[in-house]
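Have the sequence and the model open as you read.

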Amino acid sequence: MKKMLLMVAGAGLLFASCAEGTKEKTTEVNNEVAEATMEVEAPVKEEVGTIVDVAVGNENFTTLVTAVKAAGLVETLTSTGPFTVFAPTNDAFAKLPEGTVGTLVKPENKAALTDILTYHVVAGKYMAGDVVEAIKANNGSFETNTVMGEKITLMMDGANVVIKDAKGGMSTIIMTDVAASNGVIHAIDTVIMPKG
């Protein structure tokens, strides 16, 4: 009987130590799973690039990027800013007379190209809501200076915001509030032109 009790006690200890070992392993595995899950669930915050980075990463702005590089404006548009860029899409550039873009990107036309591109840039960060508010607060049209120095006029056309350039040409904002680390981009459907 004594022998039997010792065997039962020994078996009990054996089961207890196995259970402890299993419990420890289970806890260890659960902790590893919890850590792995926490790593997966932690939001991966992607840094938003500069206006140039955002334009380079968007297939609608390839012509604009080529023009910005040709004008030597990459450094300016990657600086602190902030800037609001009314960015012509590839289709907007395609509306220009044939050969215009090819001519503008030539080194001898750098000054003219720079004027046209900086005419699309306003100092400060103006989201679409800010633009609409400014238009409403100014009786339906809002004039602002561009980095180039000449003014553009922003107005409402139904639900759309349109830009009137110095030559009387009109462009519609077709995409708004594209975030960049140094400002914001609003895509436009027509290249706007300064007087000069």
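T153 sits in strand β4; strands here are DSSP runs of E, at least two residues, and helices are runs of H or I, at least four, both numbered from the N terminus. This is a predicted model, where local features need pLDDT of at least 70, side-chain atom pairs count only at pLDDT 80 or more, and totals for chains, interfaces and linings use all residues. Residues are numbered from 1 along each chain as its sequence is written, and side-chain values use heavy atoms, with hydrogens and water left out.

T153 is buried, at a relative accessible area of 16% (buried means under 20%, exposed over 50%, partly exposed in between; 1.4 Å probe, protein chains only). Leaving aside residues up to four places away in sequence, T153 touches S141, F142, E143, V162, I163 and K164 (contact means heavy atoms within 4.5 Å).

Strand β4 (residues 151-157) pairs with β5 (residues 160-164) in the antiparallel sense, over five bridges; pairing requires at least two DSSP bridges. L154 stands opposite I163, and M156 opposite V161. Two residues separate the strands of this hairpin, and G158 takes a positive phi near 70°.

Next comes β6. It runs antiparallel to β5, joined by three bridges. K164 faces M170 across this pair. Five residues lie between β5 and β6, and G168 in the turn has a positive phi of about 90°.

Now the whole sheet. Seven strands form an open, mixed sheet in the order β2-β1-β7-β6-β5-β4-β3. β2 (121-123) and β3 (141-145) are at the edges with a single partner strand each, so one side of each has no neighbour in the sheet.
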